[in-house]
Amino acid sequence: MTNLPDERRERRLLILTPFGKDAALVEAMLRNEGIECTVCADVSGLLRELESGAAAILLAEEVVVEGDSRLAAVISRQPSWSDLPILLLTRPGAESISVGNAISTLGNVTLLERPMRVVALSSAIRSALRARARQYQTRAYLLERDQADRRKDEFLATLAHELRNPLAPIRNWVNVLRLSGTGESGPEFLEMMDRQVNHMVRLVDDLLELSRITRGKIELRMEPLELAPVVAAAVEASRPLIESARHTLAVSMPDEPIVVSGDAIRLAQVISNLLNNAVKYTDHGGCITLDVRLERPEVVITVRDTGIGIPMAALPRVFDMFVQVHEGDVRAQTGLGIGLTLVRSLVEMHGGRVEARSEGPGAGSEFVVRLPATALKPSTAGSTISGVPELREMARVLVVDDNHDAADSLGALLSVLGADVRIAHDGNRALELFDAFHPAATFLDLGMPGMDGFEIARRIRARADGRGTMLVALTGWGQERDRRRTEEAGFARHLAKPADLDSLQDVLSSIGPSVHG
Ligand code: ADP
């Protein structure tokens, strides 16, 4: 292959004519005009050169042999920005079959009939090279945008992750004050703080989810599951909002069990997102219906409201990222236009689809999710979504986090919930405390300098009484990959920071007072 730097290869003309003399003449003329070119001996040589870059091809009709589709195959695989100009030198007179074929299979073909004046040939070649230069500009633009896009995705992920860290201690302390009744400014103030912090946690969670989805980092734990408990969990999650807006909710499900292949948590998230939107975009005292039907081979889940509706023209856009149809409306100010994007992505990851319907402003809205129904039996051991269990007394708990605020506030919250808590800010202290205190549960921050959560877990597990403690991972990321890693490392739970009250209560209620009682 010709030894040229990349940028010169990209600007060159590849020449393939059967007559060496013709090719040499054209080459000499073009070089004279400062145009880079490479003469190829045959089609194989042309294809080899083409692989490393070319701006255009000058080809004689004679070499376009019938039945040789190799060049056409390469041309058909061009990237979207590329439309390689091909100048085809034809014989005078009637059009041959090979020329007809070349026009239909080689794409951007210009016919140049021989004999040809040198200036005409040179100007045709120049305009082909100019056209190619514009294609390179498009390529540069697309490349730049793809990078910019990746940077934006990375930025979103980092932003969401960083926002979670300060939120964890704030939420913990708000809960401590609320639950212990020691707030001096009155319960309303604390309820307000609680609401605002929870709202911010939700926004940050959505951002994090979105960035995971755009970067293809969400993995589903698919298993055959019954839909009824999933629907119930979603309704429970949305119930406080529904009740505070004094809406009525009617749920209808068929008596027969409906089984889908899916991720229970994610499907509950889909339904809950739709219910929350129905609550949000309906004036107080409205009606929301959640209807589940089997329309084999699909399960159809419909969430309908009597709310402000959606203008018809906006319906196709509502699932797009950051789209808010009711932009001026105060209701839209409580979101980022991400919820429905998550809904659509999750539904599609389940092999389903979702559509929005509305007769227009004031006429209410309807969201219809369709999922493939399966004939499989649901697994019994799979993920269950439990309610808030009863709390047992004085469980011994060790909290390990190098972030003092996070550790202390979580410790305080666990104490308010009835646990006997010790706190360590590094691995060595954690192991010391473990040996002295024999906690029934050990909350470990994963990302710590020096000995990280995984290493501490390993050392605890290696101890004679190391299996008696429930290991709970605390992480800002909470991704499926991390979950699998913590599971393999012997963690029984994996809580994303800031851990919510229900999960903490759940951990406490599933352990005894301590390993040694
Ligand atoms: P947001 O955070 O703005 O609620 P979503 O992605 O959940 O973001 O929804 C996008 C937009 O679709 C909303 O801003 C709203 O204009 C419209 N929308 C969603 N659900 C409903 C509904 N049930 N009724 C009316 N409009 C809705």
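Let me begin with a definition: a residue counts as buried when its relative accessible area is under 20%. What I am presenting is a predicted model.

By that criterion, strand β13, residues 396-400, is mostly covered, with four of its five residues buried. This strand pairs with two others. Strand β14, residues 420-424, runs parallel to β13 and is joined to it by five bridges; there, Arg396 has Asp420 as its bridge partner. Between β13 and β14 the chain passes through helix α11, residues 404-416, in a right-handed β-α-β crossover. Strand β15, residues 441-445, is also parallel to β13, over four bridges, and Leu398 finds its bridge partner in Thr442 of β15.

I turn now to the aromatic rings. Searching the whole structure gives three aromatic pairs. In one of them, the ring centres of Phe319 and Phe367 are 6.1 Å apart and the planes stand at 85 degrees, so this pair is edge-to-face. Phe319 belongs to the loop between β10 and α10, whereas Phe367 is in strand β12, 48 residues apart. Both Phe319 and Phe367 are buried.

Another pair is formed by Phe454 and Phe491: their centres are 6.2 Å apart with planes at 85 degrees, and the pair is therefore edge-to-face. Because Phe454 lies in helix α13 and Phe491 in the loop between α14 and β17, the pair ties together parts that are 37 residues apart in sequence. Phe454 is buried at 15% relative accessible area, and Phe491 is buried at 5%.

Which charged end sits over the ring of Phe454? It is that of Arg485, 3.8 Å from the ring centre. Elsewhere, the charged end of Arg139 sits over the ring of Trp81, 4.9 Å from its centre.

Technical notes: Residues numbered from 1 in each chain as written. Predicted model: local features only at pLDDT ≥ 70, side-chain atom pairs only at ≥ 80, totals over all residues. Heavy atoms only, no water. Buried < 20%, exposed > 50% of the residue type's maximum accessible area, 1.4 Å probe, protein only. Pairing = 2+ DSSP bridges. Right-handed = clockwise from strand over helix to strand, strands pointing away. Phe/Tyr/Trp six-rings, centres within 6.5 Å; stacked < 30°, edge-to-face > 60°. Lys NZ or Arg CZ within 6 Å of the ring centre and 35° of its normal.
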